[in-house]
Amino acid sequence: MSIVFALLIMTGSDFAQASSTDSRIAQTGPSHTTSQATKEWKQKELPYDYAAMKEDVVIQLNDTSQLRSPRRTVVGTAPQAYTLFFKEAVNRGTIEAAIRKNAQEETKKEGLGYVEPMFTFHWVHDRQLQLLATLPDTLAKDRDWTEYVLNVAGAKTAKGAIFDDKNYFKAVVFVPSQIWRVSVDGKVKEKMTDFAVRTPMEFIDPEERYVLLERFTEYCECDARFPMLYSIYDTQTRELITYPVELTDNYSGAGDFMADRRGFFFAHPPKGTEVPKSEFATRVKVDGYVHGASFSHDRKHVLMAVGKTEQKKDLDLVVYDLATGKEQRLPGVIKGWVPTDEMNGHVQPVSFMDDGRYATFEMRTEEESFEELRQRYDWQLGKVISWNPPVPKEAWSGYVQSTDGAYQMYWNAGVFKGDVKLMEMKPDAVWIPGTHHLVYIDWEKAEQGAESVSSLFLFDADRKQQSVLVKGLPASVSMLGASNDGKWLYVTTPEPLAP
């Protein structure tokens, strides 16, 4: 359920005594240690089309210019730089006073977690203010999230007009999650990234080199689906590449799209939209609407469920060769109805999970049913065959498996060898490539009176033995993957891992 925060409405009389200031840089806010770099902070003027402004003020997050007021969004714990653009010249003193007072008023609301940052103001001129918001030093020691607001409500323009409270910027601060690699013996832990903001992330290639990051444009404690900002991180070069389009590892949409062999897709960009150049990207054009597309295991082909735009049943299977552009089309072999989300009823892309032997997918037996119709494409036979995993028909049949396919862990059934169950399903689980070892994170039983802790476990499927690799991990840690050579495990957490 969405939580709505009331906005504080203020009047110009609150700032009647505020005077205009000619200072180029002013620091205000709660008392705490400030670095010399922050004291000397200033930015060059940012070009802006003031004549086209419809709002009285626009507040922009500088490191991600798409994030502008009015907005509530996630930022990192480091000092955040903003630029405020004004439709007309303003009374500088009232602007600074309003920002301070509105931030202070929010901190008085119990249970909402607001703080007042230290503000560093740099006036470029009377229509552009650059602002640096720095959190109190004590914050990182006692909590990993908080919130603050930037709002000029109650301030005045140079002509005396009073700003309303419509164009606020609420910054929800989370400690950024980082990727760590842990040796399979648990003895070595190394931090691999230094991300500035917390985002969902996943490895998208078998070599576990490229990470897909999705940044929320809006934040709320609700189930709303807001637009995202996308980027690709290369763990080898430590380069972060941002994209102006939606990226996905399972495409659905028009039959004209880009397949990047690093592990992601995006619709062919419209004219005027520039995307980063990539030697791995290939344009795919297929006749029909793509109801789901996934890479083959070797990234040489794209497997697609294709039909008409409104078609929801019995789709064509298209196997597209990325090197030659040739396609193999098997008409109507993807039997059943396209799947829908059980929570919101939205149509989901048809997803193919390929291991080089079989490309497994599932549809629904009826349009309104959650019972799965399970099938797989047999690469050797070149045709679709039925598939009967040991999972209830009404449950999702998704799984992860050992490299040779000897063992599977079904998210809704457990760990199996064929039809023989070995143990219950484990959360956050991955198979170490080239082995029959399943690694997962779970709570470890604690001694009486002590709190349970999160630990990294290993299950040897051949011996049916379980052991602990790493004890006492932060509760926030989650499993991300394992290196192709079987030497490293990848986890994410916003907290440091003890050596």
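# Close-up views of a predicted model

**Figure 1. Tyr243 and Arg262 meet through their side chains.** A polar contact of 3.1 Å joins the side chains of Tyr243 and Arg262. This model is predicted. Tyr243 belongs to strand β14, residues 239–243. Its relative accessibility is 6%, under the 20% limit, so Tyr243 counts as buried. Leaving aside neighbours within four places in sequence, Tyr243 touches Tyr230, Ser231 and Ile232 among others. Asp260, Arg262, Phe264 and Phe266 are also among its contacts. Val275 sits 32 residues from Tyr243 along the chain, yet their C-alpha atoms are separated by 6.1 Å.

**Figure 2. The protein as a whole.** Three helices and 34 strands make up the secondary structure elements of the protein. The protein has 499 residues, and 49% of them count as buried. Among contacts with a separation of 6 or more, 52% come from residues 24 or more positions apart.

**Figure 3. The largest nonpolar core.** This core holds 30 residues. Which of them touch the most other members? They are Tyr82, Leu84, Ile95 and Ile99. Several elements give two or more residues to the core: β2 (57–61), β4 (80–86), α2 (92–107), β5 (118–125), β6 (128–134), β7 (145–150) and β8 (169–174). The largest share, four residues, comes from α2.

**Figure 4. The surroundings of Ile99.** Neighbours within four places in sequence are left aside here. Ile99 is in contact with Leu84, Phe119 and Phe121, among others. Its contacts also include Leu129, Leu131 and Leu150. Asn151 and Val152 are on the list too. A second, separate core has 17 residues, including Val182, Val470, Val477 and Met479.

**Figure 5. Strand β2 is covered on both faces.** Five of the five residues of β2 are buried. In a regular strand the side chains alternate between the two faces of the sheet. In β2, Val57, Ile59 and Leu61 lie on one side. Val58 and Gln60 lie on the other. Five bridges join β2 to β4, and the two strands run antiparallel. Ile59 stands opposite Leu84 of β4.

**Figure 6. An open sheet of four strands, β10-β9-β34-β33.** The pairing in this sheet is antiparallel. Why is one side of β10 and of β33 left without a neighbour in the sheet? Strands β10 (189–191) and β33 (478–482) stand at the edges, and each has a single partner strand, so one side of each has no neighbour in the sheet. From one strand to the next, the twist averages 30°. Strand β9 (residues 178–183) is joined to β34 (residues 488–493) by six bridges. Val182 stands opposite Leu489 in β34. Val182 is also one of the residues of the second core.

**Figure 7. An open sheet of four strands, β29-β30-β31-β32.** Pairing is antiparallel in this sheet. The edge strands are β29 (429–431) and β32 (465–473); each has a single partner strand, so one side of each lacks a neighbour in the sheet. The twist averages 25° from one strand to the next. Six bridges join β31 (residues 453–460) to β32, and these strands run antiparallel. Phe457 has Val468 in β32 as its bridge partner.

**Figure 8. A cis peptide bond at Pro70.** Most residues other than glycine have a negative phi, and most peptide bonds are trans. The bond between Ser69 and Pro70 is cis, with omega at about -5°. Where does Pro70 sit? Its place is in the loop between β2 and β3 (71–75).

Figure 9. Glu208 has a phi near 55°, a positive value in a residue other than glycine. Glu208 is located in the loop between β11 (201–203) and β12 (210–216). Its relative accessible area is 15%, so Glu208 is buried. Asp314 also has a positive phi, about 55°, although it is not a glycine. Asp314 lies in strand β19, residues 313–321. Is Asp314 buried or partly exposed? Asp314 is partly exposed, with a relative accessible area of 27%.

Key:
Residues are numbered from 1 along each chain as its sequence is written. This is a predicted model: local features need pLDDT of at least 70, side-chain atom pairs count only at pLDDT 80 or more; totals for chains, interfaces and linings use all residues. Side-chain values use heavy atoms; hydrogens and water are left out. A nonpolar core is a set of buried Ala, Val, Leu, Ile, Met, Phe, Trp, Tyr and Cys residues joined through side-chain atoms within 4.5 Å. Buried means under 20% relative accessible area, exposed over 50%, partly exposed in between (1.4 Å probe, protein chains only). Contact means heavy atoms within 4.5 Å. Two strands pair if DSSP finds at least two bridges between them. Axes are lines fitted to C-alpha atoms, for helices over the stretch in contact, and angles run from 0 to 180 degrees between N-to-C directions. A polar contact is a pair of N or O atoms within 3.5 Å; within protein, one must be able to donate a hydrogen and the other to accept it, and residues adjacent in sequence count only if both atoms are side-chain atoms.
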